[in-house]
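Reader: I would like to read this model feature by feature. Where do we begin?

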Amino acid sequence: MYKIGLASSHGTRKTGLSYGLAEALKKYGSVRVVGELSTIARERGMPIDQKTTLETQAWILLRHCSAELEGIIYNYKFTICDRTVYDNYSYMKNAVGENEYYLNFALNHGKMKKNRKKYRV
């Protein structure tokens, strides 16, 4: 599986790019897009932005990791994320302060396996 994570500031069209990239990659195999999860959190009534909580930020971080793992479990050839796990931890840190547990979780989730390659563009 190829995992593609887009990292950029707010409003730079990461979500649009991720869906456009997914459309282009469909001819090479199955594609899973992990969209912007704070919108889902808001729709479910969780506080976000300035009113966010550790619990909301943890839900976003863990849901992101879970969605990436589903890409592996269901054998998608490509998983495209419009944020990275590191972005999600950074939002958490900025909103509610540093948290060693979630920092280590994010760092360990992002480690590469021996048989996986990492590409940067």
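Reader: In which loop is D49 found?

Author: The model is predicted. D49 is found in the loop between helix 2 (37-43) and helix 3.

Reader: What is phi of D49 near?

Author: Phi of D49 is near 60°. That is a positive value, and D49 is a residue other than glycine.

Reader: Is D49 buried or exposed?

Author: Exposed means over 50% relative accessible area. D49 has 51% relative accessibility, so D49 counts as exposed.

Reader: Which loop holds R13?

Author: The loop between strand 1 (2-5) and helix 1 (14-25) holds R13. Phi of R13 is near 70°, again a positive value in a residue other than glycine. R13 counts as exposed because its relative accessibility is 66%.

Reader: Now the interior. What do nonpolar side chains tend to do in soluble globular proteins?

Author: They tend to be buried together. Here, the largest nonpolar core has 8 residues. They are A58, L61, C65, V85, Y89, M92, Y102 and A106.

Reader: Which elements give two or more residues to this core?

Author: Helix 3 (54-73), helix 4 (85-96) and helix 5 (100-110) do.

Reader: Take Y89. With which residues is Y89 in contact, leaving aside neighbours within four places in sequence?

Author: Y89 is in contact with L61, E98, N99, Y102, L103 and A106. Among them, L61, Y102 and A106 also belong to the largest nonpolar core.

Reader: How many residues does the second, separate core have?

Author: The second core has 5 residues, including A22, V31, F78 and I80.

Methods
Residues are numbered from 1 along each chain as its sequence is written. This is a predicted model: local features need pLDDT of at least 70, side-chain atom pairs count only at pLDDT 80 or more; totals for chains, interfaces and linings use all residues. Side-chain values use heavy atoms; hydrogens and water are left out. A nonpolar core is a set of buried Ala, Val, Leu, Ile, Met, Phe, Trp, Tyr and Cys residues joined through side-chain atoms within 4.5 Å. Buried means under 20% relative accessible area, exposed over 50%, partly exposed in between (1.4 Å probe, protein chains only). Helices (H or I, at least four residues) and strands (E, at least two) are DSSP runs, numbered from the N terminus. Contact means heavy atoms within 4.5 Å.
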